[in-house]
Amino acid sequence: MTEPRGPVDSSRVPRFAGPATFARLPRLDEVSGADVAVVGVPFDGGVSYRPGARFGPAAVREASRLLRPYHPGLDVSPFASQQVADAGDIAVNPFDIGEAIETIQDAANGLQADGTRLVTIGGDHTIALPLLRAAAQRHGPVAVLHFDAHLDTWDTYFGAEHTHGTPFRRAVEEGVVDTSALSHVGTRGPLYGKQDLTEDEKLGFGIVTSADVYRRGADEVADQLRQRIGDRPLYISIDIDCLDPAHAPGTGTPEAGGLTSRELLEILRGLAGCRLVGADVVEVAPVYDHAEITSVAASHVAYDLISLLALQGKRETTDE
């Protein structure tokens, strides 16, 4: 087995030097294959308020220069136990949402064709739908853990069926998700009406609000989520606005009263052992950020997702 090629050694090359691949990892075209590919989708044509998430992938990569190769919280070296590479960005049409969705789905299918798992950096939450389609094409309907201030299960905006507020309703309608294992985490803030919650429940989602996380704690919430997920193939979709604006000001639709970055990371770490098959981190809009607060948080979230995939890979090897 070929030894994985890891990040550039920061003791030899300063972190501020060289290309800004995610965590200073090799590009996908520099390795023979990858267990995990980090891919950007610089698309924000589906936003309903602040644009700017098209610049999210570049900002998260820049912030990820500070990441180090050993994760003490999970006791794993995610870049040594698996080959992780940066697959660059999926170039999508910024003017045509339908075409963009098709392009993302085709690209994701291509990247996953040899078993590579994806951690995708957005971009707005519209991109979750084609990524879920691609995951389901490979694994069947997937359990979904959706971290977000918002439900994202609305029907339309201005008559449009595909926006950053509708991907999970479309995913349920298309049958690409397992409706017995769908969860929102971190939701809060005003809604259009009580029917939003009623319709969301009919789609199969359970809700853990940000207030629930505050009252129950990260460990209890993670345990509850693990029980709901079971051994199903799991897709995790993280809108960075699940974090409070104090922890993620650089996003399109901020809501007060959110999770702390510590709570989010601890919940993710509590999911170790789940059958994670793919994930995304979306809605980083750096023009509204301050001192890279949001992009730093997002880079650590992506790092934890990669670390969970490393643990998953170990478990699969052990089980065989």
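Which residue forms a salt bridge with Glu 266? The partner is Arg 269, and their closest N and O atoms are 3.2 Å apart. This model is predicted: local features need pLDDT of at least 70, side-chain atom pairs count only at pLDDT 80 or more, and totals for chains, interfaces and linings use all residues. Residues are numbered from 1 along each chain as its sequence is written, and side-chain values use heavy atoms, with hydrogens and water left out.

**View 1. Glu 266 and Arg 269 pair within helix α8.** A salt bridge here is a side-chain nitrogen of Lys or Arg within 4 Å of a carboxyl oxygen of Asp or Glu. Helix α8 covers residues 261-269. Helices (H or I, at least four residues) and strands (E, at least two) are DSSP runs, numbered from the N terminus. Glu 266 and Arg 269 sit about one helical turn apart because they are three residues apart in this helix. Glu 266 is partly exposed, at 34% relative accessible area. Arg 269 is partly exposed too, at 23%. Buried means under 20% relative accessible area, exposed over 50%, and partly exposed in between (1.4 Å probe, protein chains only).

**View 2. Arg 5, Arg 27, Asp 29 and Glu 30 form one network.** Salt bridges that share partners join these four residues. One of the links runs from Arg 27 to Glu 30, with the closest N and O atoms 3.3 Å apart. Arg 27 is partly exposed, with a relative accessible area of 39%. Glu 30 is partly exposed as well, at 34%. The structure holds 16 salt bridges.

**View 3. Glu 199 meets Arg 169 in a salt bridge.** The N to O distance is 2.8 Å. Glu 199 lies in helix α5 and Arg 169 in helix α4, so the pair ties together parts that are 30 residues apart in sequence. Arg 169 counts as buried, at 12%.

**View 4. Leu 197 belongs to a nonpolar surface patch.** Patches are made of residues with over 30% relative accessible area and no salt bridge; like charges are joined within 9 Å, nonpolar side chains (Val, Leu, Ile, Met, Phe, Trp, Tyr) within 5 Å. Areas come from the Shrake-Rupley method with a 1.4 Å probe; for residues, only the protein chains shown count as cover. Leu 197 is placed in helix α5, residues 195-203. Leu 197 is partly exposed, at 38%.

**View 5. Arg 24 is buried and has no salt bridge.** Arg 24 is found in the segment before β1 (36-41). The nearest side chain of opposite charge is Asp 9, 7.1 Å away. Lys and Arg count as positive, Asp and Glu as negative; His and the chain ends are not counted. The Arg 24 side chain does reach the backbone oxygen of Pro 14, at 2.9 Å. Beyond four places in sequence, its contacts (heavy atoms within 4.5 Å) include Gly 6, Pro 7, Val 8 and Arg 65.

**View 6. Thr 163 is buried in a loop.** The loop runs between β4 (142-147) and α4 (167-174). Thr 163 has a relative accessible area of 7%. A polar atom of its side chain lies 3.0 Å from the backbone nitrogen of Gly 165. Not counting residues up to four places away in sequence, Thr 163 touches Gly 46, Thr 126 and Tyr 157.

Key: Polar contact = N/O pair within 3.5 Å; in protein donor to acceptor, adjacent residues only side chain to side chain.
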